[in-house]
Amino acid sequence: MRNGHRVFSGIQPSGNLHLGNYLGALKNWVSIQDDYENYFCIVDLHALTVPQDPKVLRQKVRELAAIYVACGIDPEKSVIFRQSRVSEHTELAWLLDCVAKVGELSRMTQFKDKARKGGAEAASVGLYVYPVLQAADVLLYNAHLVPVGEDQRQHLELMRTLARRFNGLYGETFVVPEVFIPPVGARVMALDEPTAKMSKSAPAPGSYIAILDEPDAIRRKIRRAKTDSGTEVVASPEKPAIANLLGIYAAITGSAVEEIERRYEGKGYGDFKKDLAEVVVEGLSPIRDRALELLDDPRELDEILETGAEKARAVARPNLESAWTRMGLS
Ligand code: TYM
């Protein structure tokens, strides 16, 4: 372990977890797990910023816990827990709300995008202060590293700004965390629209590959994935669809994009897509099988989450209290 350095990251238990979440986040969490002290959170409070069906949310929390473990996050090595069960997250969020500025939050592109869909006036206040809760998540553990996909870069920048501002105003309190964004797989695009991000809330199931999709569904989705004009399998800017599929292939197998391009010289999109489907099935099937097995015994998952919350609280509490002391609350 690197000098007891900590990693924190989280995923919302909303919608269906997809290949983008796996390649942009989960796969990298697993790969650095042995080098750090890890806190992997199910950010259920963040999910509430848009309406959720309580029954579905309850189920999705367990599903996400199962997927974390099935992907290779070992509850013996990493702390897996639910955000709502460690109330220090919301307590610190309030302190940081008083340090963050309206102008900063108004510039967050995720808020602007989501608010645009339903109208900014109708967006929840939770959606607006979402990045502050996210900052609290990480700062509460004094985490050094935050492995995420490309879409979280702006939230991470704000988090760093808030940590520095707090330290400047009240004295050294928080570690200023570094962002870890993988070189490939950090921005997986939709299969039906390669200019849009693959998204959990996308209405068309054909646009994403869910981690729990059956092998045949994965094959069908990749067969139907949009391609570009031409026939060459190359990742050029004029070929966003093929570039995306090549990126997926590279991220799953660990091969370089150029090497994959060479392998498909003289072959067409059809051959490439067929092989890609098998690569994705091979990568996701064991995860799906293990997750479904774990979901058969939800008690084990509930126990993992309870133990995780206890361990998380033990770190979170004293750090919240030092923020209190700095601010004059104790
Ligand atoms: P969320 O739940 O939207 O996504 C979880 C993780 O998946 C990554 N991701 C992607 N990566 C590549 N391609 C895609 N198409 C793609 N879509 C999503 C995200 O970048 C993320 O890493 N705000 C966060 C959750 C959060 C968090 C935190 C993360 C709350 N607190 C503290 C890190 C640290 C979110 O909504 O992620």
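This is a predicted model: local features need pLDDT of at least 70, side-chain atom pairs count only at pLDDT 80 or more; totals for chains, interfaces and linings use all residues.
**Entry 1: helix H1**

I started with helix H1, which runs over residues 19–32 and has 14 residues. From its first C-alpha to its last I noted a reach of 19 Å, which is close to the 20 Å expected at 1.5 Å a residue. I then looked for a bend, and I found a kink of about 35° in H1, centred on Leu-26.

Next I asked myself how many of the residues of H1 are buried. The count is 11 of the 14, so H1 is largely enclosed by the rest of the structure. Among the buried residues I wrote down Leu-19, Tyr-22, Leu-26, Trp-29 and Ile-32, and the list also includes Gly-20, Asn-21 and Asn-28.

**Entry 2: Leu-26 and the cores**

Leaving out residues up to four places away in sequence, Leu-26 touches Ile-11, Leu-17, Asn-21, Ile-67, Tyr-68, Cys-71, Ile-73 and Ile-211.

I reminded myself that in soluble globular proteins nonpolar side chains tend to be buried together. Which residues have the most contacts inside the largest nonpolar core? They are Leu-19, Tyr-22, Leu-26, Tyr-68, Ile-248 and Val-280, in a core that has 62 residues. Helix H12, residues 269–295, gives the most to this core, with 12 residues. I also noted that this core draws at least three residues from each of domain 1 and domain 2. Apart from it lies another core, of 45 residues, and among them are Ala-135, Phe-174, Val-315 and Leu-320.

**Entry 3: the two domains**

I wrote down the division of the chain, in which domain 1 covers 2–180 + 298–327 and domain 2 covers 205–293. The centres of domain 1 and domain 2, taken over C-alpha atoms, are separated by 30 Å. The contact takes 13 residues from domain 1 and 13 residues from domain 2.

For the interface I recalled that its size is often given as the accessible area lost when the parts come together. Domain 1 and domain 2 bury about 1,200 Å² between them, and 78% of it is on carbon and sulfur atoms.

**Entry 4: Ser-322**

Last, I turned to Ser-322, which lies in helix H13, residues 298–327.

Definitions and conventions:
Residues are numbered from 1 along each chain as its sequence is written. Side-chain values use heavy atoms; hydrogens and water are left out. Helices (H or I, at least four residues) and strands (E, at least two) are DSSP runs, numbered from the N terminus. The expected span of a helix is 1.5 Å times one less than its number of residues. The bend at a residue is the angle between axes fitted to the seven residues ending there and the seven starting there. Buried means under 20% relative accessible area, exposed over 50%, partly exposed in between (1.4 Å probe, protein chains only). A nonpolar core is a set of buried Ala, Val, Leu, Ile, Met, Phe, Trp, Tyr and Cys residues joined through side-chain atoms within 4.5 Å. Domain bounds come from an automatic or database domain assignment. Contact means heavy atoms within 4.5 Å. Buried area is the accessible area (1.4 Å probe) that two parts lose on being put together, summed over both.
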